[in-house]
Every structure is written in structure tokens, then in C-alpha cells.
Amino acid sequence: MNQNIKGGFLALSGVIGTVGMVMAAMQNPVTAWITPPGRMIMSILDNGVLIPTVIFLILFVYGLYVLLTGDKED
């Protein structure tokens, strides 16, 4: 039960943080971009929110990992 709560909070904080960083990047979108990375990634890079976005994605993935591999003794 304790692992499920920790995993849930980590995953939830990762989702909220990632959405916040994407919203911050899209407040000032780029006007010119190249096709392979796309407009969203170029906006994240140009606005300087790449490191927080990666950290929040790591939190999200780790939270899902904790949730999925936690003990199943209900």
C-alpha cells in the first residue's frame, strides 16, 4: 500500500510538471522549425525548459515503474 501511494504521487507530480512545462513552452512558440524534431520540441528547447521537462518525465516513468512493480498483497 505504501509503495502504491509513493508511485501514485511520483506519477502524478510527473504528469502535472510535464504539462506545466509544455504550457510554459507554448506560451511563446517558435515561428520557424525543422520537421524532424517538430514545433513542440523546438519551443521547449528555445524557451529553456528542457531540463525541467526531462526531470518531470523521469519522475513520471519512475512513478509508473513503482506502481507496476510494487507488491501485490491486497
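Against which helices do the buried residues of α1 pack? The buried residues of α1 pack against α2 and α3 (50-69). The legends below describe the predicted model in close-up.

This is a predicted model, in which local features need pLDDT of at least 70 and side-chain atom pairs count only at pLDDT 80 or more, while totals for chains, interfaces and linings use all residues. Residues are numbered from 1 along each chain as its sequence is written, and side-chain values use heavy atoms, with hydrogens and water left out.

**Figure 1. Confidence of the model across its elements.** The protein averages a pLDDT (the predictor's confidence in each residue, from 0 to 100) of 88. A score of at least 70 is reached by 96% of the residues. Among the elements of the protein, the lowest mean pLDDT, 86, belongs to α2, and the highest, 93, to α3. Helices (H or I, at least four residues) are DSSP runs numbered from the N terminus.

Figure 2. Helix α1 has 25 residues. From its first C-alpha to its last, α1 reaches 36 Å, close to the 36 Å expected at 1.5 Å a residue; the expected span is 1.5 Å times one less than the number of residues. Gly7, Ala11, Gly14, Gly17, Thr18, Met21 and Ala25 are buried in α1. Buried means under 20% relative accessible area, exposed over 50%, and partly exposed in between (1.4 Å probe, protein chains only).

**Figure 3. The crossing of α1 and α2.** Two packed helices are described by the angle between their axes and the distance between the axes. Here the axes of α1 (residues 2-26) and α2 (residues 38-47) come within 8 Å and cross at roughly 85°. That makes α1 roughly perpendicular to α2, a term for angles of 65 to 115 degrees. Axes are lines fitted to C-alpha atoms, for helices over the stretch in contact, and angles run from 0 to 180 degrees between N-to-C directions.

**Figure 4. Residues at the contact of α1 with α2.** On the α1 side, Val22, Ala24, Ala25 and Met26 meet Met40, Ser43, Ile44 and Asn47 of α2. The residues of this contact (heavy atoms within 4.5 Å) divide into 6 nonpolar, 2 polar and no charged. Ala, Val, Leu, Ile, Met, Phe, Trp, Tyr, Cys and Pro count as nonpolar, Asp, Glu, Lys and Arg as charged, and the others, Gly among them, as polar.

**Figure 5. Ser43 and the buried residues of α2.** Ser43 lies in helix α2 and is buried, with a relative accessible area of 0%. Leaving aside its neighbours within four places in sequence, Ser43 is in contact with Ala25, Met26, Pro29 and Val30. The buried residues of α2 are Gly38, Met42, Ser43 and Ile44. What covers these buried residues includes α1 and α3.

**Figure 6. Arg39 in helix α2.** Arg39 is placed in helix α2 and is partly exposed, with a relative accessible area of 35%. When its neighbours within four places in sequence are left aside, Arg39 is in contact with Pro29, Val30 and Trp33. Arg39 and Thr69 are 30 residues apart in sequence, and their C-alpha atoms are 35 Å apart in space.

Figure 7. Leu45, in helix α2, is partly exposed at a relative accessible area of 41%. Asp46 and Phe56 are 10 residues apart in sequence and 18 Å apart in space, C-alpha to C-alpha. Just after α2, Gly48 takes a positive phi of about 75°.

**Figure 8. Gln27 in the loop between α1 and α2.** Gln27 lies in the loop between α1 and α2 and is exposed, with a relative accessible area of 66%. Gln27 and Phe56 are 29 residues apart along the chain, and 19 Å separates their C-alpha atoms.

Technical notes: Helix = DSSP H or I, 4+ residues; strand = E, 2+ residues; numbered from the N terminus. Parallel < 35°, antiparallel > 145°, perpendicular 65-115°, else oblique.
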